Amino acid sequence: MQPILSFRNVSKRYANGAHALEDITLDIRPGEFVSVIGPSGSGKSTLLRLVNRLIPATSGHVILDGRDMARLRGADLRAQRRKVGMVFQNYNLVHRLSVFQNALHGRLGHLGGLRGLLGLYAEADKRRAFDLLVSLGLGAFCYARAGELSGGQKQRVGIARAIMQDPKILLCDEPIASLDPASAKTIMETLRDETRRRNLACVVNLHQLDVARAYSTRIVGLRQGRLVFDGAPDALDAAALARIYGPGHVPAAAPEEAAHAS
Amino acid sequence: MPPDRALPEAVRAERRAYALFFGALLLVVALCTWGVAFNPFELFGKGDAFWTFLSEDFWPPRIPQREGRLEAILAGIGVTFAMAVASATVAAVLAFLVALFASERVSPFPRLAPLVRGAATFVRNIPALVWAFILFSSLGIGTGVGFVALTLSSLAFLVRAFAETMEDLSQDGLESLLAIGATFPQRVAHGILPSCLGGFVSWYLYSLEVNIRASAVVGMVGGGGIGLVLFSYIKAFNYHVAFFIILLIAALVIAVDWMTGRLRKELAL
């Protein structure tokens, strides 16, 4: 199967000289659920933001759905971004708008001109957004302000927004870092189910090893901007963990997280 | 009371700093008073003339009896109010558009943002009254020119206020709209506007309040409205009617302050 996303020798250097990523080469195919693990500052967040060019790469090629992101401008860039649904650690909702409106934001990239400016969404889109929110257990909150929801609910709205884009790939930047274990479980299951049902590719940055092991089809380990592990969850042994986190720094498993490794 | 040297060094340093500050302040005030050749005690010494003027010439306020005079005054109040509302509103709409380019976090051309802010700061630091004089000299007098002067000064003020409101907005909500593939106008309409509207309206109401006062002053130098009417009565030595007009202006200012104050309080909730 053709990869939906390819990194070819991608490096990112920030203006202050810090190397965020070094020579990353990686292919991701539809249906894959890839967890990216690594210590803080290892470049996980940068890696995701290179995909839709929220951060531009310094060198190398990021190829999304057959197109090199570096060359795109204006409308072409926005068209590529539409294909990428993004889920954030801080949910990144517009708090003063309703849950329904936040979910519909996923369609903004598909609306042009005046319709997009005024938010005149198609009737079919509205129906779909409503059904999606109901299926995510948010039916009762459609008209609540997004700012009034709990963390887990906000993240489900974030997922609904990403799915409304009809994306080809989901990028999730620490989606459960700010959530309690029960909400985290719901979010991870939702991400896995939606990825399977829609045959998407899903790339998730995670700090929780057990969660990564439980949900992923593949795990990628970063250390100081370099790719030091790429393989199946079973292959993530003590030696691999030591390469990723450094000897003696492997994070301990929290009991709650171990509980939903089923 | 323990002797002074028992006090901690920090406390003594603070006392010295205060003593120095107030000593310097006294010196500066003395120099300034000498500079303006004004003795602050003169007001009490020669105060009689001043108090007589207030109590005899101004007091009591009088409503003009001649046909059409009162109507003219009320019309002047109406013009002043209209000038303030129109200029604040036009300025707010323009300021919103300009402010989008004055904030590095929002503008599609972040490098130009300091330039836009600098221009706004420059215009803002010239008071409305000075703008009025500049404009009257070049365009002639009238309410239209007064309106332009008020719009200019509120525009510059609101650009700054709106840009700061947008800077306070968390970057997170905007990043998600960028990731969705939304255009700049879409990000403004669906991210910035809903998040900042409360702040914008609050600043708009404040600017309306300021403009009511400013439009009375701008009116006096040729902007029309109640300021011009007041000035004509003062020039005609008709101080009783002038006092009546001053009370009317005060009532208008208080009414608008009260109203905008209430609205802003509601918005803060």
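Analyst: The contact between the chains takes 27 residues from chain A and 18 residues from chain B, where contact means heavy atoms within 4.5 Å. This is a predicted model: local features need pLDDT of at least 70, side-chain atom pairs count only at pLDDT 80 or more, and totals for chains, interfaces and linings use all residues. Residues are numbered from 1 along each chain as its sequence is written, chains are lettered from A and ligands numbered from 1 in the order in which they are written, and side-chain values use heavy atoms, without hydrogens and water.

User: How much area do chain A and chain B bury between them?

Analyst: About 1,800 Å², with 59% of it on carbon and sulfur atoms. Buried area is the accessible area (1.4 Å probe) that two parts lose on being put together, summed over both.

User: What makes Glu175(B) and Arg49(A) a salt bridge?

Analyst: The N to O distance is 2.7 Å. The rule asks for a side-chain nitrogen of Lys or Arg within 4 Å of a carboxyl oxygen of Asp or Glu, so the pair of Glu175(B) and Arg49(A) qualifies. Across the interface of chain A and chain B the rule finds 1 salt bridge. Over all chains, the structure holds 21.

User: What does the pair of Lys83(A) and Asp65(A) tie together?

Analyst: Their side chains meet in a salt bridge at 3.1 Å, N to O. Lys83(A) sits in the loop between helix H2 (74-82) and strand E6 (84-87) of chain A, and Asp65(A) in the loop between strand E4 (59-64) and strand E5 (67-68) of chain A, so the pair links parts that are 18 residues apart in sequence. Helices (H or I, at least four residues) and strands (E, at least two) are DSSP runs, numbered from the N terminus.

User: Why are H6(A) and H7(A) called roughly parallel?

Analyst: The axes of helix H6 (residues 151-164) and helix H7 (residues 181-197) of chain A come within 9 Å and cross at roughly 15°. Axes are lines fitted to C-alpha atoms, for helices over the stretch in contact, and angles run from 0 to 180 degrees between N-to-C directions. Angles under 35 degrees count as roughly parallel, over 145 as roughly antiparallel, 65 to 115 as roughly perpendicular and the rest as oblique. H6(A) and H7(A) are therefore roughly parallel to each other.

User: How do the residues of the contact of H6(A) with H7(A) divide, and what is the rule?

Analyst: They divide into 4 nonpolar, 5 polar and 2 charged. Ala, Val, Leu, Ile, Met, Phe, Trp, Tyr, Cys and Pro count as nonpolar, Asp, Glu, Lys and Arg as charged, and the others, Gly among them, as polar.

User: Why is H6(B) called oblique to H7(B)?

Analyst: Helix H6 (residues 128-139) and helix H7 (residues 143-168) of chain B pack at an angle of about 140°, with their axes 9 Å apart. That angle makes H6(B) oblique to H7(B). The residues of this contact divide into 11 nonpolar, 2 polar and no charged.

User: What makes the bond between Trp59(B) and Pro60(B) worth a note?

Analyst: It is a cis peptide bond, with omega about -5°. Pro60(B) is found in the loop between helix H3 (47-58) and helix H4 (69-99) of chain B. Asp166(A) has phi near 55°, a positive value in a residue other than glycine. Asp166(A) lies in the loop between H6 and strand E7 (169-173) of chain A. Most residues other than glycine have a negative phi, and most peptide bonds are trans.
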